[in-house]
Structure formats: structure tokens, C-alpha cells
Amino acid sequence: MARVLVVGAGLTGGVCAALLRGAPLGPIAVWDKARGAGGRMSTSRSPRDAACTADLGAQYITLERERAGPRLSFYEELLSHGILKPLTAPIEGMVVKEGSCNYVAPQGISSVVKYYLKQSGADVFYEQHVTHISLRDGKWEVSRKMGPPEQFDIVILTMPVPQILQLQGDIVNKSPEIGPSVVVHTTVTFGSEHLDSDPAEVQQLILSHLEKIVPSLPKPASIKCQKWRYSQVTKAVPSCLGQMILHTQPLLICGGDGFTSSNFDGCIDSALSLAEAVKSHL
């Protein structure tokens, strides 16, 4: 039975692993370099109280029913299990398209990814930073910063495309004491201009601007300044249909929103395409 590795515990990786459950495969492992699941759908918890959370990436998910197609069942499943609920609070500046619905995750946006990882039955390991992928005796030998290399029959890469290109080897390069959390997103332009700036200096710029906008905001109990180097896909890899096969025997395939579009639907489309390609390869 083929041993499978999914690199990336974000939405695409989680859904892909869940879709592969039941296929005639061996054990499925999921590795991620972060300390927890979610990728750009991560949820941060206060060091003082885990009940105080903040979604650092995606804040909500938008369903456009007329364009949903087979993805509609994913929304319905998440709603039926209480993972998602309708967004009812007004958001200043939000443009709601006719026929669309917005949803939030009461337990944090990372709960969406955690749901699929649990459904997959895969062995999930965090703080596994993959650095090299090399061919060894008809299998993929995957090396990481910490720990010995391991061999797999099939490797699925779902991290951002720039991180895939950095790989070396035989591939192409709520609490009574603490109040609610506040997440401040900058513009893409601001993020690009300060991408390599000192995080402390960037944090102070953001806080100074926030104080001008909301002067009555209480002093925070804790602050986390999160930089998303690969936050959005501005130009998807062309003509990939949600995935790209880098090697056929043994199979090495990559996917993610860099091969579709940078949103929930794009990740679902890529996961469906990845799972179909893996199954057809068996």
C-alpha cells in the first residue's frame, strides 16, 4: 500500500487528506512547519487565556450559491456540524453580492481545517519544516530541519508556491478577565512596503494609526504582529486545473490556492483536483 505525505496543514491539505480517506492507500501523514493547523486560516489564542481568540488570516467565508456547484456540499456539511454559522454582525464597508452568504467559525477559523484533518484520520505532525525532497530507490525521501528523513510513495505539496520553489532536491526549485480580541489588517500595499522591515517598528506604525482611528480603545493585554509573506495569490499558475504533477513515478504533485484562486472555494477546488489525480494514479 502506498504511503502518502501531505505537506501543509491548511485548508487544501486538510480537505485533500479527508477526500483520500477510503482510497486504496496506506497510511496518510500530514506535516506542517507551524505549531498548529490552519495555514492562512489560523486562529491565535491569548497566552493569558485560551478562551480569548483571534483569527489572523481569513475572517469569514463567502458562499456564492449560483457558482458553488459541487462545493455547496462542503458548506452544508460544515454548517450541519456547527463549524460555520451565518455572519449576522454588520461590517462597515463590506459589499454583499446578491445571492451570496457570509459565514464565520464560532470556534475560530482554524476549526474548519481541524475538522477536515480529523475526518481524514491522517497522522498530523507539526513543526515539521520540509527542506529537501529526493528520489531514493523509487520513493520520495523527504528531509526536514529537525528529525531524520522519511520515505513516501506519494507526496502532495499544498504550501504556497514560493515555498515549493524554495525546496531543494530532485524537484523544481471568551474570558471574565480578558475582553474581546481585535484584529487589524493592513492593505496589501502597506504589507508589501514593510515586508522586510523590523516587526517592532511595523507594529508601532499600526498601533499609532489604530489609536488615531479608535482613540478610546483600551490598552491591550497582549499584542501579536503577524506577517503574511504569502498572504494572497495575485496571479495563479496558468492552466493547471487546480494542481500540477511534478513527477509521475513515484508521484509528486502540488496544489493549493496558487493553482486556483485565493479563497475558500479555490482551496476546495484544488483539493478535489489533487484527490482525483492521486486516485487516478493508483
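Mentor: A residue counts as buried under 20% relative accessible area, as exposed over 50%, and as partly exposed in between (1.4 Å probe, protein chains only). Helices (H or I, at least four residues) and strands (E, at least two) are DSSP runs, numbered from the N terminus. The model is predicted: local features need pLDDT of at least 70, side-chain atom pairs count only at pLDDT 80 or more, and totals for chains, interfaces and linings use all residues. Residues are numbered from 1 along each chain as its sequence is written, and side-chain values use heavy atoms, with hydrogens and water left out.

Trainee: What makes H1 count as mostly covered?

Mentor: Nine of the 10 residues of H1 are buried. They are Leu11, Thr12, Gly13, Gly14, Val15, Cys16, Ala17, Ala18 and Leu20.

Trainee: What covers the buried residues of H1?

Mentor: The cover includes strand S1 (4-7), strand S2 (28-31), strand S12 (154-157) and the helices H3, H4 and H8. Contact here means heavy atoms within 4.5 Å.

Trainee: How do you know whether H1 and H4 are roughly parallel or roughly perpendicular?

Mentor: By the angle between their axes, which are lines fitted to C-alpha atoms, for helices over the stretch in contact, with angles from 0 to 180 degrees between N-to-C directions. Angles under 35 degrees count as roughly parallel, over 145 as roughly antiparallel, 65 to 115 as roughly perpendicular and the rest as oblique. The axes of helix H1 (residues 11-20) and H4 cross at roughly 25° and come within 7 Å. H1 and H4 are therefore roughly parallel.

Trainee: Is the crossing of H1 and H4 left-handed or right-handed?

Mentor: The crossing of H1 and H4 is left-handed. That word applies if the near helix is turned anticlockwise from the far one by less than a right angle; clockwise is right-handed.

Trainee: Which residues of H1 and H4 meet?

Mentor: Leu11, Gly14, Val15, Ala17 and Ala18 of H1 meet Val112, Val113, Tyr116, Leu117, Gln119 and Ser120 of H4. By class, the contact of H1 with H4 has eight nonpolar, three polar and no charged residues. Nonpolar covers Ala, Val, Leu, Ile, Met, Phe, Trp, Tyr, Cys and Pro, charged covers Asp, Glu, Lys and Arg, and the others, Gly among them, are polar.

Trainee: What is the angle between H3 and H4, and what is it called?

Mentor: Helix H3 (residues 72-80) and helix H4 (residues 110-120) pack at about 100°, with their axes 12 Å apart. That value makes H3 roughly perpendicular to H4. Phe74, Glu77 and Leu78 of H3 touch Val112, Tyr115 and Tyr116 of H4. This contact of H3 with H4 divides into five nonpolar, no polar and one charged residues.

Trainee: How many aromatic pairs are there, and by what rule?

Mentor: Rings of Phe, Tyr and Trp (its six-membered ring) pair if their centres lie within 6.5 Å; planes under 30 degrees apart are stacked, over 60 edge-to-face and the rest tilted. The count by this rule is five aromatic pairs. Tyrosine 75 and tyrosine 103, for instance, are 6.4 Å apart centre to centre with 45° between the planes, a tilted pair. Tyrosine 75 is in helix H3 and tyrosine 103 in strand S7 (residues 100-104), so the pair ties together parts 28 residues apart in sequence.

Trainee: Why is tyrosine 75 called buried?

Mentor: Its relative accessible area is 1%, so tyrosine 75 falls under the limit for buried. Tyrosine 103, at 4%, is buried as well. Tyrosine 75 also pairs with phenylalanine 264, with 5.0 Å between centres and 55° between planes, which is again tilted. Both tyrosine 75 and phenylalanine 264 are buried. Ring pairs also link Phe74, Tyr115 and Tyr116 into a cluster.

Trainee: What makes the phi of glutamate 127 worth a remark?

Mentor: Phi of glutamate 127 is near 55°, a positive value in a residue other than glycine. Glutamate 127 lies in the loop between strand S8 (123-125) and strand S9 (130-136). Its 52% relative accessibility is over the limit, so glutamate 127 counts as exposed. Aspartate 137 has a phi near 55° too, and at 80% relative accessibility aspartate 137 counts as exposed.
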